[in-house]
Each structure stands twice: as structure tokens, then as C-alpha cells.
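Open the model in your viewer and keep the selection tool at hand. This tour tells you what to select next and what is there.

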Amino acid sequence: RWVVGTTVVSWLSGNAYYFLVGALLRIEDVAALRALQNFVLPMTQFIAAISLLLLPWASAQFAEQGVAVFKNSIQKVALFFVSGAFVYLACVVLFGHWLMETLYAGRYLQVAHLLPLAALPLLMAAASQGLGIALAAMQSPSKVFWGYAVAAAIAILVGVPLTHYRGLAGALSAMVVSSSAFFAVVLYYYKSLLRTVTDVEPLAGR
């Protein structure tokens with residue numbers, strides 16, 4: 001049930017902006033938003049695919065190796081994701097304008113300067129993914145759901161005024177805020193669960 005609910009709110013947190021832009025701006029802005037997001041999706045899908053492979057490994061680390069090893073493993077996963085996202089973001093910043101001009105045959109160049117802003121949530125998403133794997137491995141999928149629920153709420157509450165007053169740049173800024181909120185929520189839950197497990201383990205060993 002938590003997985004189904006998480007799928008719904010995660011979709012809403014990431015795709016609500018298309019509805020907001022379509023409702024508050026022009027249809028051309030929806031196309032421009034999609035054109036920008038096409039440069040972000042490959043890395044996002046790569047991280048999601050790798051996460052499915054890492055989850056069984058992380059679960060085994062938590063069940064068999066103890067909290068210290070598990071925590072260190074999650075830190076390595078997060079560093080791997082963030083490093084990859086940072087390199088990808090750097091490539092987007094350096095070559096984004098050329099890529100847009102080449103792939104779109106000169107279209108959407110008027111929004112090419114927004115490409116770094118569109119790709120910025122990748123860093124937060126990459127950092128959050130490692131924490132999401134940790135929470136799932138610790139058998140707390142509900143915490144991931146609440147993280148996406150907060151992100152979805154912010155996507156609407158913050159996205160509407162920012163999109164209305166700042167246009168496409170406002171919608172992209174709201175994405176940054178939403179992804180940052182998700183990271184903050186899952187980080188809080190992760191640290192809380194670690195303290196709980198750490199407190200219980202010494203008692204179990206007595």
C-alpha cells in the first residue's frame with residue numbers, strides 16, 4: 001500500500017508542474033518545459049534503475065552487517081549518486097545551449113538559459129535517493145511516502161504563485177524547493193531511525 005501511495009505522490013510532485021504551467025502560462029511554455037526536462041530525465045531514470053539494483057544489497061547490509069557498516073554503505077551510495085549528478089549537471093551547464101541548438105534545430109533557444117535551473121533538482125534527487133534506499137532497507141517505506149507527500153504539497157502551494165508571477169523560471173524554481181523539501185524530510189526520518197536502531201542494539205546485545 002505504501003509503494004502504491006508513494007508512486008502516486010511522487011508522480012504528482014514531479015508532474016504537477018506541467019498542469020500548472022499549462023493552466024497559468026501558454027501552451028508553448030509547456031512544450032518548453034518538456035524540452036528542458038528531456039535533458040534531465042536520462043540521469044533521473046539512471047538513478048532510479050540503479051536504486052532497484054542496490055535495494056536488496058542495502059537490505060542485506062542492514063540485516064547482516066550492523067548499523068555502522070550500513071550507514072557507511074549508504075554514505076557511499078549517496079556520494080556515488082551525487083557525484084554522478086554533479087558531473088551530469090556540469091555537462092548540462094557547459095554544453096546545454098549547444099545541445100538544445102543541435103537536438104531541437106534552433107528551437108527553444110529562448111529558454112536555454114534556464115537549463116541549469118531545470119537540472120539543479122538532480123543534485124537533491126541524487127542525494128535523496130540514497131536516503132530513500134536506506135529507509136526502504138530499514139523497512140520504513142511510509143517515510144518515503146511522507147517525503148514525497150510533502151514535496152507534492154509544496155509543488156502545488158509554492159508552484160502556483162511562483163509560476164503565476166515568474167513564469168517558467170518560477171515553475172523551475174518551485175521544483176528546486178520541492179526537491180529540497182523531499183531531501184530534508186527523508187534526511188530527518190533517516191537520522192531518526194538510525195538513532196532508534198542504535199539505541200536498541202546495545203540493549204539487544206546484553
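Helices (H or I, at least four residues) and strands (E, at least two) are DSSP runs, numbered from the N terminus. This is a predicted model: local features need pLDDT of at least 70, side-chain atom pairs count only at pLDDT 80 or more, and totals for chains, interfaces and linings use all residues. Residues are numbered from 1 along each chain as its sequence is written, and side-chain values use heavy atoms, with hydrogens and water left out.

**Stop 1: a loop residue**

Select Q139. Q139 sits in the loop between α6 and α7. Its phi is near 60°, a positive value in a residue other than glycine. Most residues other than glycine have a negative phi. Is Q139 buried or exposed? Here are the cut-offs: buried means under 20% relative accessible area, exposed over 50%, and partly exposed in between (1.4 Å probe, protein chains only). Q139 has 72% relative accessibility, so it counts as exposed.

Now select Y108. Y108 also has a positive phi, about 65°, although it is not a glycine. Look for Y108 in the loop between α4 and α5. Y108 is buried, with a relative accessible area of 15%.

**Stop 2: the whole chain**

Zoom out. The protein chain has eight helices and zero strands. Its C-alpha atoms fill a box of roughly 65 × 30 × 25 Å, taken along the principal axes. The chain has 206 residues, and 44% of them count as buried.

Next, think about contacts (heavy atoms within 4.5 Å). Take those between residues at least 6 apart in sequence: 79% join residues at least 24 apart.

**Stop 3: start of a helix**

Select P141. P141 lies in helix α7, which covers residues 141–157. P141 is partly exposed, with a relative accessible area of 33%. P141 and T6 are 135 residues apart in sequence, yet their C-alpha atoms are 8.3 Å apart in space.

**Stop 4: the core**

A nonpolar core is a set of buried Ala, Val, Leu, Ile, Met, Phe, Trp, Tyr and Cys residues joined through side-chain atoms within 4.5 Å. Which residues have the most contacts inside the largest nonpolar core? They are L36, M100 and Y190, in a core of 56 residues. At least two residues come from each of α1 (2–24), α2 (27–37), α3 (41–65), α4 (67–103), α5 (115–119), α6 (121–137), α7 and α8 (159–204). Helix α8 gives the most, with 12 residues.

Centre the view on Y190. Leave out residues up to four places away in sequence, and Y190 touches F70, K71, I74, L131, A134, L135 and M138.

**Stop 5: a buried glutamine**

Select Q61, in helix α3. Q61 counts as buried, because its relative accessibility is 14%. Apart from neighbours within four places in sequence, Q61 is in contact with G66, V69, F70 and S73.

**Stop 6: a charged pair**

How many salt bridges does the structure hold? The structure holds one. A salt bridge is a side-chain nitrogen of Lys or Arg within 4 Å of a carboxyl oxygen of Asp or Glu. Select R26 and D29 to see the pair, with the closest N and O atoms 3.4 Å apart. R26 has 52% relative accessibility, so it counts as exposed. D29 has 14% relative accessibility, so it counts as buried. Side chains of opposite charge can pair when their charged atoms come close.
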